[in-house]
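Good morning, and thank you for coming. Please turn to the sequence and structure on the screen.

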Amino acid sequence: MTTDNDIFDLEIRSLVENAEAEVPEGAWTAVSAALGKTAKPFPLWRYVAVAAAAAAVVAGVFFGLRAPSVPVDSVAPTLVAASVPETVETVAEEPVVALVEPEGEAPVLAMMTEPAKRPGRPAPRKSVPTQEISAETASDTAFEPMPESPQTPAETFPSETSEVSPVSGETPHFEIVDPFKGLVVTESTPWRHSLLSVDFSSNSSYGGKPGPFIPPMRAPGRPTSTMVREAPGDSEYALPVTAGIGIRFSFGPSKRFGIGTGIEYTRLSRKFEGQYLEFTDGVQTRELDGEITNTQQYIGVPLNFYVDVLRGERFGTYVFAGATAEKCVDNRFRIPDGNDYAYWHPKADGLQLSAGAGLGVQYRLSPSQSKPQWMLFAQPDVRYFFDCDQPKSIRTQQPLQVSLTLGIRLGF
Amino acid sequence: MQHSDENLHLLIRKCKRGDRKAEKALFDALAPMMSAVCLRYGGDRETAKDLLQEGFITLFSKLDTFSGEGSFEGWARKIFVNTALMYLRKTDALKLSDDLEEARSLSSPDESPVQKMGKDDILRLISGLPPGFRTVFNMYVVEGYSHKEIAESLGISEATSRSQLLRARSMLKDKLSEL
């Protein structure tokens, strides 16, 4: 039975059920601000796809660029064998031996003493005419020290055209003058031994007079393993490109500071005129000449400290400093072989360590206050690459570099 | 709300993706009606504004739970009613008693003056009720909750719910008769 109360309720409901009232001023502003602080997760895959596409485009543009040639003077032909050489430790002055071929005379050993430009690095060599070293002329003959009297003429001097054969039994004699006093040579590196053996392979005198003392050869000078020999002249270096993906943990007031790490990929490339010698079981089976391309690919793990400088709605800038350890995962030589190419992949041991600092620009892909934050970043920086016996590249020639890293970063 | 069902669902999908423009559009569509709901439960404009903001924040955060079946408006209204109830519980505004004697003492006019009033007047009168009366009255009369549901929601007995309703209804009638 419908009571008065029921009728009253129905009347009230009919009036107010769908009633509308004036919306208070500023209500949406407050709601919008609150929503911004509690943003919902966004579809990650969309932003990752956009970021990956953008990174691929940028990387493609940079890979297509070529840096101007960086001339690198080399006196002696550079040999690259299968193992990476250790640095020859030097004192303030490092005597450098090069092969000099005066016109019409027998090849002689010229002693040049130059101060090393930086500790631990080989002293730069000046351009002088060099004698091309071939496997045939490399000698593994041990040189005996001269008798004490400096006036004693050498009994035997190899002629200009004669070959020094390991089986000839001839042992040239020289004055006992140790030009390498103070030179510390590490014995365990076959490459360096072969380089020394090449440097010292010619044991001619100075125009008939006793020449400088040649220390005993520690390793055979004749190459027996596959190698690439670089001709003297310029190398053409490509612009190094680094791409990475990182993660950053923010802390401190307003989360302005951060520590980050990640994974970086770097590609180094250079071209040079050279010779490729392939050996099988100690026997040379192949020899190719031409413009050789050496490409090195590094995977690195950086560790950086960040400080945000400017923060906008989407864009932000920051400064950072840190270090990176990189491993050469591929060291490839491409040698022209007729209409095709031959490839050689010597192993690169050790890690490339570097330290750097710079500033960066980042673009936040995700809504503000969402967790985590996806960001695109580009950071030019100055980096110093420590001498870590890595394959020759623009880094070994110019250890202090300005580089550009592009990538995606996940922020927490 | 003026939006068609299809447009409404598109709007809701955009809101779920965090589209701020879509959220603003949905706010504009719902806000007038929900303002009335908040005014009925809040009692004053300041409280109604707080309830409105809280209600929308809750609505947008729980948007993923809307299955798409049934009235979105009804779903949204429930969120605002629950927001209002939580607020009233938190502020201890609900002073409910099951004193039926006091309820019975209130007069009941012979004819209904409701028909002479506009909805704004009714809203104002309802807002002027004490919190306990107001809450139970809104839930029972306007939202259509049963006494059992009201009792469970407010943590009171069904008898208390009934007495609160009686008192609210009587007070409203008295105020209407005074106008």
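In chain B, 71% of the contacts with a separation of 6 or more join residues 24 or more positions apart; two residues are in contact if their C-beta atoms, placed from the backbone, lie within 7 Å. This is a predicted model, in which local features need pLDDT of at least 70, side-chain atom pairs count only at pLDDT 80 or more, and totals for chains, interfaces and linings use all residues. Residues are numbered from 1 along each chain as its sequence is written, while chains are lettered from A and ligands numbered from 1 in the order in which they are written.

Chain B has 9 helices and 0 strands, where helices (H or I, at least four residues) and strands (E, at least two) are DSSP runs numbered from the N terminus.

Consider one helix pair. The axes of α1(B), residues 5-16, and α2(B) come within 8 Å and cross at roughly 130°; axes are lines fitted to C-alpha atoms, for helices over the stretch in contact, and angles run from 0 to 180 degrees between N-to-C directions. The two helices, α1(B) and α2(B), are therefore oblique to each other, given that angles under 35 degrees count as roughly parallel, over 145 as roughly antiparallel, 65 to 115 as roughly perpendicular and the rest as oblique. On the α1(B) side, B:L11, B:K14 and B:C15 make the contact, and α2(B) contributes B:A22, B:E23, B:A25 and B:L26.

Finally, the partner chain. Contact with 29 residues of chain A involves 30 residues of chain B. To the side of chain B that touches chain A, α2(B) gives the most, with 11 residues.
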